[in-house]
Amino acid sequence: MEAINSNIVSCEWVLNNIDKIGIIDSRFKLGNPKYASNSYNQSHLPNAVYVDLEHELTGDVLPSRVGGRHPLPTADVFKSKMEELGIDDSTDIVVYDDGDLAGAARLWWLLKYFGKDNVKVMNGGIEEWKRLGYELSTEKSPMINTISYTDKKKTLSINVKDDMLVFQEDVKAVINNENTQLIDSRAPERYRGEIEPIDRVPGRIPSAINIPFNCAFGSGLVPSIEELKKFYKTIDASKNQIVYCGSGITGAVNVLLLSEQGIEAKLYAGSYSDWVSNLDNSVEIWFLHKIMI
């Protein structure tokens with residue numbers, strides 16, 4: 001199996017092309033800032049470089065939380081970090097994480113957003129790689145080293161795709177709009193407002209439907225397109241799709257999996273943490289009507 005569609009490749013595909021691609025380890029665990037580096041140092045795919053999404057590819061968080069808990073990096077910061085890793089326009093990139101797609105999809109989305117199209121996600125992450133018995137490494141790779149590598153400094157062009165991103169005002173404008181679906185990617189209990197472990201008030205953005213980001217791959221592997229469509233049966237492909245989560249990380253997973261089905265969705269990168277930073281915004285809790293916060 002080479003790919004489910006255009007964005008996801010199998011571990012077997014990565015193994016067979018490992019000398020032709022740049023591999024990025026983007027493992028991530030919310031609330032555990034050392035998890036990513038510790039995991040990489042313990043073991044990773046051969047030749048993989050490491051990116052810390054929490055610190056290196058997240059913008060400055062404002063005290064007011066305007067912009068959310070994981071703001072996007074600036075184009076200059078992103079370009080500098082990617083070039084530091086040896087990535088240029090021609091480098092074919094494969095991103096992986098533990099298999100939950102949270103870190104991998106976020107980096108996949110960032111690369112796409114800043115204009116790099118030749119990027120894919122490894123299905124199942126490092127856990128599937130281990131299950132298949134493939135080689136792991138403990139050798140740190142400061143820079144991607146493929147067969148096309150030279151000593152010449154790598155240059156990555158930036159071409160921001162504004163149509164992939166929406167902001168708070170854009171979301172306000174489409175609440176209860178019959179031509180737009182808002183998709184909340186968080187766990188059902190957070191969507192219903194029963195709990196809120198991170199942000200200051202529980203609830204959801206009014207009129208949003210709930211599709212938890214990991215609803216389709218409880219087995220650890222993203223299924224076929226036909227199976228994906230069953231999990232996304234509430235999606236009306238004729239409508240505009242806007243995806244959000246808590247802070248723009250796991251929402252990227254739904255963007256990725258919708259893209260696999262040929263459905264383009266925009267990401268509200270600030271997500272719920274940005275939404276509730278504005279005291280004028282309203283939220284819904286379970287069966288209750290809008291509540292002013």
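This is a predicted model: local features need pLDDT of at least 70, side-chain atom pairs count only at pLDDT 80 or more; totals for chains, interfaces and linings use all residues.
1. The structure holds zero disulfides.

2. Cys215 illustrates the point. The closest cysteine sulfur to that of Cys215 belongs to Cys245 and lies 14 Å away, which is too far for a bond. With a relative accessible area of 26%, Cys215 is classed as partly exposed, because the partly exposed range starts where the buried one, under 20%, ends.

3. Cys11 has a relative accessible area of 1% and is therefore buried.

4. Strand β9 covers residues 240-244, and four of these five residues are buried; the strand is therefore largely enclosed by the rest of the structure.

5. The pairing of β9 may be described on each partner in turn. With strand β7, residues 180-184, β9 runs parallel and is joined by five bridges. Within this pairing, Gln241 of β9 has Gln181 opposite it.

6. Strand β10, residues 265-268, is likewise parallel to β9, and three bridges join the two. Here Ile242 has Lys266 of β10 as its bridge partner.

7. In summary, β9 is joined in parallel to β7 by five bridges and to β10 by three, while four of its five residues are buried. As for the cysteines, Cys11 is buried, whereas Cys215 is partly exposed.

Notes:
Residues are numbered from 1 along each chain as its sequence is written. Side-chain values use heavy atoms; hydrogens and water are left out. A disulfide is a pair of cysteine sulfur atoms within 2.5 Å. Buried means under 20% relative accessible area, exposed over 50%, partly exposed in between (1.4 Å probe, protein chains only). Two strands pair if DSSP finds at least two bridges between them.
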